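Hi everyone, thanks for making time.

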Amino acid sequence: MQSEQRVVQEGANNWVRPVKRIEPKPGQFLYSREARAQDTVVKAGPARIGGAGFAVIAGPCSVESKEQLVETAEKVSQAGAHVLRGGAYKPRTSPYSFQGMEEEGLKLLALAREATGLPVVTELMDADELPLLEDYVDIIQIGARNVQNFSLLKKVGKINKPVLLKRGLMTKLDEFLLSAEYILAGGNDQVILCERGIRTFETATRNTLDLSAVCVLKERSHLPVIVDPSHATGHWRFVEPLARAVLAVGADGLMVEVHCHPEQALCDGSQSLTPEMFSHLMGELNAMPSFRPADQAALKQV
Ligand code: PEP
Ligand code: MN
């Protein structure tokens, strides 16, 4: 952060004495378009997220077995996915739910990468596991529940690996961008923002997908923005239509859950696509005229 700061006068009225608060100018935030006009492109193996193109991350919610992961990885790869996802450490609401395969799961992710050539992303829950994840995976995910775990954010700010940061269930976009700032301020400029639905009064879907977040984040930040319609809706039927909307709104990519046998999934089966559904979705996306960030820049000048 540069030293130039603005002084904001606060609280001046009959009851409260004015207070001077020092805060950075908006353009001083490393995430901002003022700090960097061009889109950041995050690189993970052969995959590129941000800038031109549309990156698709697919795979099971959790790594469950070698057969499950490798079969899913091969199928999503054949259908055109760019990155394989799979949780080895799972943030579960109940302590009695499946918690993930931990290091064994990381080894299977590395095996699936070898089998398919796809870079892999998995979630980091505890800083103690960071050295292991750095060894085994290409992108480190910070999940919705840890978006404001500032000490974890500081730690991934110090590593030399891309970080996929998911928006929290109750995170305002200002707060989300400041969480990204923690990582950037540590020196790690490879950050991907992921909208995954927020908690609202609506209960028909698991969360409420905030597609307008894509427009706001892309206007305010050079960081790539992707969307996860699986966790946003909780229902496989809604994933494909919303994935089309994600491409149309100008996001840089998509994250979707895919399982070969969703009815047997240990986690999030109801929102998982089968490989056949995923392949259909990829066909639909490929048939759509893409609406790239370059077009958005042109629109802004109108
Ligand atoms: C996930 O992507 O596996 C996950 C748990 O998502 P979120 O943190 O968005 O709930
Ligand atoms: Mn999941």
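Let me start with a definition: buried means under 20% relative accessible area, exposed means over 50%, and partly exposed is in between, using a 1.4 Å probe and protein chains only. By that rule Glu102, with a relative accessible area of 42%, is partly exposed. Glu102 is also a residue with a positive phi, about 55 degrees, although it is not a glycine.

Now the housekeeping. This is a predicted model, where local features need pLDDT of at least 70, side-chain atom pairs count only at pLDDT 80 or more, and totals for chains, interfaces and linings use all residues. Residues are numbered from 1 along each chain as its sequence is written, chains are lettered from A and ligands numbered from 1 in the order in which they are written, and side-chain values use heavy atoms, with hydrogens and water left out.

When I say helix or strand, I mean DSSP runs numbered from the N terminus: helices are H or I with at least four residues, strands are E with at least two. So where is Glu102 placed? Glu102 lies in the loop between E6 and H2.

On to the metal. Which residues coordinate the manganese ion, ligand 2? They are Cys61 through SG, His231 through NE2, Glu257 through OE and Asp268 through OD, at 2.0 to 2.4 Å. Donors here are N, O and S atoms within 2.8 Å of the metal (3.2 Å for Na, K and Ca), and water is not among the atoms, so sites may look incomplete.

Asp268 counts as buried, at 18% relative accessibility.

Next, H1. The expected span of a helix is 1.5 Å times one less than its number of residues. For the 14 residues of H1 that should be 20 Å, and its end C-alpha atoms are 20 Å apart, which agrees. Its buried residues are Gln68, Leu69, Val70, Thr72, Ala73, Val76 and Ala79. Among the elements covering them are E5, strand E6 (83–85), helix H2 (103–116) and helix H9 (275–287), where contact means heavy atoms within 4.5 Å. Just after H1, Gly80 takes a positive phi of about 110 degrees.

How do H1 and H9 sit together? Axes are lines fitted to C-alpha atoms, for helices over the stretch in contact, and angles run from 0 to 180 degrees between N-to-C directions. The H1 and H9 axes come within 9 Å and cross at roughly 20 degrees. That makes H1 roughly parallel to H9; angles under 35 degrees count as roughly parallel, over 145 as roughly antiparallel, 65 to 115 as roughly perpendicular and the rest as oblique. At this crossing Lys75, Val76 and Ala79 in H1 meet Pro275, Phe278, Ser279 and Met282 in H9.

One other pair: helix H5 (residues 173–185) and helix H6 (residues 212–220) pack at an angle of about 50 degrees, with their axes 11 Å apart. H5 and H6 are therefore oblique to each other.
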